[in-house]
Amino acid sequence: MKSRAMRRFFVLWFLASCLCFNSVLRGEETKEPVMGYGDAVAYGLVEGVTEFLPVSSTGHLILTKEWLAEEKTKEAEEALDAYLIVIQFGAILAVALLYWRDVWAMALGLLGLDPRGRSLARNVFLAFLPAAVLGPFLDEIIAEELFEATPVAVALLAGAFLMFGAERFRARRESVDASGPSPGLERMRPGSALLVGALQCVAMWPGTSRSMMTIVGGYLVGLRPAKAAEFSFLLGLVTLTAAAGYKVVTKGEVMAASLDFGPVLFGCLVAGASAALAVRWLVAFLSQRGLALFAWYRILLAGVIFALVAFGV
């Protein structure tokens with residue numbers, strides 16, 4: 001089922017890539033680029049691989065920008081920071097195609113044609129609600145105060161210890177009740193969905209990881225790892241669409257003035273392709289290994305960042 005969706009996705013990816021390079025072949029992009037195709041590939045790979053892994057895609061993108069970018073004007077910096085959110089459209093497309101059956105069920109549910117889809121859509125909406133309320137108020141503060149290496153490192157380290165605690169909690173719970181599969185996502189209680197959504201708000205701090213917080217939230221409300229990851233993907237479909245759309249509306253003119261369309265689109269396409277592969281891998285990995293490996297990675301990366309900051313690199 002998902003293999004067929006993967007094939008469709010990569011066919012669309014190839015066609016869109018051809019359109020993306022068309023403007024270059026016609027020589028339309030003439031101004032000095034703030035972001036070229038090489039940077040777009042780097043940002044796309046980082047976004048796609050890390051968006052749904054519990055390691056913080058925004059944190060990795062901020063670090064990538066600091067180590068890739070040359071000195072830029074204030075307007076160019078603002079445009080690039082906005083693009084680091086907009087690039088999530090690629091990952092959104094990957095999840096929409098891989099989980100199209102659930103997306104379709106939710107659409108039918110909203111029309112009153114699918115009871116399971118209606119319950120699933122309700123839970124996704126309730127989990128999205130806290131971020132929808134808090135996000136617009138905190139957006140500027142986060143962009144001004146936390147889009148730097150040190151806050152990212154602090155969040156990476158704190159998140160690692162939270163993940164170790166979540167894994168111990170899950171192990172104790174499953175040792176008591178190891179029978180039976182995880183309940184369906186549509187059977188979550190409204191309060192459980194709201195709890196997952198409240199935890200997602202913590203991930204507004206770059207370096208925390210939206211995926212990590214929602215998977216941990218899934219553990220706390222009784223979901224097994226694979227189901228917790230799937231709910232994280234579906235919630236991300238709504239949350240990331242809202243966040244990226246908000247940036248397009250509020251910063252679209254700034255991005256249009258500073259960034260060429262070709263690299264912008266191609267970065268999103270690279271993000272989509274790499275996200276599709278990462279999503280398939282993550283569900284299988286979490287079912288067998290849990291979150292511990294990602295926690296150790298976060299500790300290692302945080303240590304590297306603190307060292308680089310200390311030495312002024």
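Predicted model: local features only at pLDDT ≥ 70, side-chain atom pairs only at ≥ 80, totals over all residues.

Q: Ok, how many residues line the largest pocket, and which lie nearest its centre?

A: The largest pocket is lined by 31 residues, and Ile85, Asp139, Met204, Thr239 and Ala243 lie nearest its centre. Helix 3, helix 4, helix 7 (115-145), helix 10 (210-220) and helix 11 are the elements that each give two or more residues to that lining.

Q: Which helix gives the largest share?

A: Helix 7, with eight residues.

Q: And what's the volume of the largest pocket?

A: About 670 Å³.

Q: What's the lining made of, by class?

A: For the largest pocket, 16 nonpolar, ten polar and five charged residues.

Q: What about the second largest pocket, what volume does that have?

A: About 340 Å³. The second largest pocket has 13 lining residues, with Glu77, Glu78, Asp81, Ala143 and Glu144 nearest its centre. Helix 4, helix 7 and helix 11 each supply two or more of the lining residues, and helix 4 has the largest share with five.

Q: How does that lining split by class?

A: Three nonpolar, no polar and ten charged residues line the second largest pocket.

Q: Let's talk about those glutamates, then. What does Glu77 pair with?

A: Glu77 makes a salt bridge with Lys65, at 3.2 Å from N to O. Glu77 sits in helix 4 (residues 74-86) and Lys65 in helix 3 (residues 57-68), so the bridge ties together parts that are twelve residues apart in sequence.

Q: Is Lys65 buried or exposed?

A: Lys65 is buried, because its relative accessible area is 9% and the cut-off for buried is under 20%. Glu77 is partly exposed at 24%.

Q: And which partner does Glu78 have?

A: Lys251, with the closest N and O atoms 2.6 Å apart. That pair links distant parts of the chain, since Glu78 is in helix 4 and Lys251 in helix 11 (residues 225-258), 173 residues apart. Lys251 counts as buried at 14% relative accessibility, while Glu78 is partly exposed at 29%.

Q: How many salt bridges does the count come to?

A: Twelve salt bridges. One of them joins Glu174 and Arg173, with the closest N and O atoms 3.8 Å apart. Salt bridges that share partners put Glu167, Arg170, Arg173, Glu174 and Arg224 into one network.

Q: Where do Glu174 and Arg173 fall, buried or partly exposed?

A: Glu174 is buried, with a relative accessible area of 19%, and Arg173 counts as partly exposed at 21%. The 20% cut-off falls between those two values, so the labels differ.

Q: Back to helix 7. What does that helix span from first C-alpha to last?

A: Helix 7 has 31 residues and reaches 44 Å, close to the 45 Å expected at 1.5 Å a residue.

Q: Where's the kink in helix 7?

A: At Gly135, shortly before the proline Pro136, and the kink is about 55°.

Q: Which residues of helix 7 are buried?

A: Among them are Leu120, Val124, Phe128, Asp139 and Ile142. Asp139 is also one of the residues nearest the centre of the largest pocket.

Conventions. Residues numbered from 1 in each chain as written. Heavy atoms only, no water. Salt bridge = Lys/Arg side-chain N within 4 Å of Asp/Glu carboxyl O. Helix = DSSP H or I, 4+ residues; strand = E, 2+ residues; numbered from the N terminus. Buried < 20%, exposed > 50% of the residue type's maximum accessible area, 1.4 Å probe, protein only. 1 Å grid on protein atoms, 1.4 Å probe; cavity = no way out; pocket = protein on both sides within 12 Å on 5 of 7 lines; lining within 4 Å. Points joined across faces, edges and corners; volume = space filled by probe spheres on them. Nonpolar A, V, L, I, M, F, W, Y, C, P; charged D, E, K, R; others polar. Expected span 1.5 Å × (residues − 1). Bend = angle between axes of the 7 residues up to and from the residue.
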